[in-house]
Amino acid sequence: MNMEVLEPGLLTTVQDCGRHGYRHLGVGQSGVLDSFSAAVANILVGNSPGSPLLEMTLRGPVVRFSVPVRIAICGAGIDAHCGDLVLPLWRRIDLAADSTLRFGACRSGARAYLAVNGGFEINPLLGSASTDLRAGFPGLAGRQLLAGDRIRLADGIRPDCAEPRIARSWANPSPELDLKQPALVRLLPGSDQLADGDVLHAAAWTIGSASNRQGLRLSGASLRLRKPREAISEPVMPGTLQLPADGNPILLLADAQTHGGYPRIGHAIRADWPRLAQLRPGERVYFVPCTLEQATNLWRSQQQGLARLAIAVSQADQA
Amino acid sequence: MNTRFALEPLGEDAFLLRFGPNIDAATNARVHACAGVLEQHRPSWLIEIVPAFATLAVQVDLNLLAQDEGWRERVQAWLLAHADGEDADATPAPATVHTLPVRYGGEFGPDLDAVARHAGLGPEEVIRRHCAARYQVGMLGFAAGFPYLIGLHESLITPRHATPRTEVMAGSVGIGGEQTGIYPRTGPGGWQIIGRTDARLFDVQREPPALLAAGDVVVFRAVDEYGKPLA
């Protein structure tokens, strides 16, 4: 009862909602970058929103399931096939035993999620199944998936079908996540003031090719601090916008280190982390100023949307 | 009234308490005393308590708090009441002292000679001075279980490598500017490596997984390649 990895894809990892409560030991959060898409995928298959699932980056893997499974694919617009059949995103799909699921490239966005009902059987470490690539923790021996890996499936629904069965209803991710729209990311003020704060919000910021799960490297304008300060390591969080000496900011994501010495010039709000997770190298992001109250309200309404989806899915299952 | 620290937001769900502008052992000790008090009274909504040299971050669980309009004010009041309360003045418990054996120089410490040259000292004197100090664990960061140690002898202050090494072995003891520290896991690193310890700094199978805690004291003891203490 497993999922065998035939081709690994570019960077495929097991992630859940992250590792919390260990930053004082230097252990970062990890977890899915696009928490919205991951939660929708889990909810569609009947899992709790933070269950372990696969995060696929830019190009997905080829996997084979030894048993029938109920799955959902959400997030980036990734090519997905089962045999000749094109699989849609944002829908529940039942697959027969020995189905091979062939992912291709992400045509829009950068990260897609594959949830399986029941989830993957990964021994949690420090309270989470998330792969911490920097520390080398599980998920799967702390690394990305490789060809030949077999991941055990936890007990789950084994649908009775001879060929893929695609649900008629789908979860519309818009407006929370709309990859056709320009990426507008709302930013809280940081503790270090810029000499010209307007530049941050006026410029178009391009995502650098060295960007990864730790952070997005941005270029677009040269930023300077109003009052340069000595670099002393202080706590940083996912979402923190750092300004290294070269003037090109770095926006930290889920794999952010726990401490950093660079000035902090802003903080991306949680409700916009899913959009950040979907930015591809070369794409642009724009920053919009925001207040703490707006940030909390936007996050709350995103969570309420997910809660409504979970209720709708469970009611449909009972009907 | 709060006299000990400044409070600033660190994103919508975290706060930074700032105790001072510099890296010094006294300010750092206040950070750890405060972290201890918050830990003692820790409510379920407090996810992270993250000490650094002169600052302390706390992260809260918005799932538990955000339904309430006034949650931010209530959290701030709680922080002020506890972090600035009577018990923050109490004498902290005596620090745990860890004596770590270190093989200095040679393949274990490829930068020992460079540090000695920079200091204008012989390698033996560098080892003697590095072992003579009692270091305070200022914080754990950079990597899981990586201790930033405060208390390096001034003469040993050495700049980091301009280009970091791609591979520094686990247990490597290094000097980075005015700090010294230990790499828990093999990986890239830019500090001057002067020796290596067998101590396992981080082991997820252990509880707690980190050997050292912020606020602990570390002493290094020079040993030969077989692990026997050097005279």
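1. Domains of chain A. In this predicted model, the domain assignment divides chain A into domain 1, residues 2-174, and domain 2, residues 183-292. The centres of the two domains of chain A, taken over C-alpha atoms, are separated by 28 Å. Contact between them involves 18 residues of domain 1 of chain A and 14 residues of domain 2 of chain A. On the side of domain 1 that touches domain 2 in chain A, the elements giving two or more residues are α1 (35-45) and β8 (100-116) of chain A. The residues on that side of domain 1 of chain A comprise five nonpolar, nine polar and four charged.

2. A buried strand in chain A. Strand β2 of chain A spans residues 12-15. A:Thr12 and A:Val14 point one way from β2(A), whereas A:Thr13 and A:Gln15 point the other way. Each of these four residues is buried. This pattern may be set beside a general rule: in a regular strand the side chains alternate between the two faces of the sheet. β2(A) pairs with strand β3 of chain A, residues 53-57, in the antiparallel sense and over four bridges. Within that pairing, A:Gln15 has A:Leu53 of β3(A) as its bridge partner.

3. The contact between the chains. Chain A contributes 33 residues to the contact and chain B contributes 36. On the side of chain A that touches chain B, β14 (234-235) and α4 (292-318) of chain A each supply at least two residues. The largest share of that side, five residues, comes from α4(A). By class, the side of chain A that touches chain B holds 14 nonpolar, 14 polar and five charged residues.

4. Overall description of chain B. Chain B contains five helices and 13 strands. Its C-alpha atoms fill a box of roughly 60 × 35 × 30 Å along the principal axes. Chain B has 231 residues, of which 42% count as buried. Considering contacts in chain B between residues at least 6 apart in sequence, 58% join residues at least 24 apart.

5. An open sheet in chain B. Four strands of chain B form an open sheet with the order β1-β2-β4-β3 and antiparallel pairing. Its edge strands are β1 (6-9) and β3 (46-51) of chain B, each of which pairs on one side only. Neighbouring strands of this sheet are turned by 20 degrees against each other on average, direction ignored. Helix α1 of chain B, residues 25-40, packs on the sheet and touches β2 (14-18), β3 and β4 of chain B. The direction of α1(B) makes about 165 degrees with that of β3(B).

6. In chain B, β3 and β4 (residues 55-60) run antiparallel and are joined by five bridges. B:Leu46 stands opposite B:Val60, a residue of β4(B).

7. Helix α4 of chain B. Which residues of α4(B) are buried? In this helix, residues 112-119, they are B:Leu112, B:Val115 and B:Ala116. The buried residues of α4(B) pack against β5 (97-104), α5 (123-132), β9 (172-176) and β12 (192-196) of chain B. After α4(B) comes B:Gly120, whose phi is positive, near 70 degrees.

Terms used:
Residues are numbered from 1 along each chain as its sequence is written. Chains are lettered from A and ligands numbered from 1 in the order in which they are written. This is a predicted model: local features need pLDDT of at least 70, side-chain atom pairs count only at pLDDT 80 or more; totals for chains, interfaces and linings use all residues. Two strands pair if DSSP finds at least two bridges between them. Axes are lines fitted to C-alpha atoms, for helices over the stretch in contact, and angles run from 0 to 180 degrees between N-to-C directions. Two residues are in contact if their C-beta atoms, placed from the backbone, lie within 7 Å. A residue is buried if 20 or more other C-beta atoms lie within 10 Å of its own, exposed if 12 or fewer, and partly exposed in between; C-beta atoms are placed from the backbone. Domain bounds come from an automatic or database domain assignment. Ala, Val, Leu, Ile, Met, Phe, Trp, Tyr, Cys and Pro count as nonpolar, Asp, Glu, Lys and Arg as charged, and the others, Gly among them, as polar.
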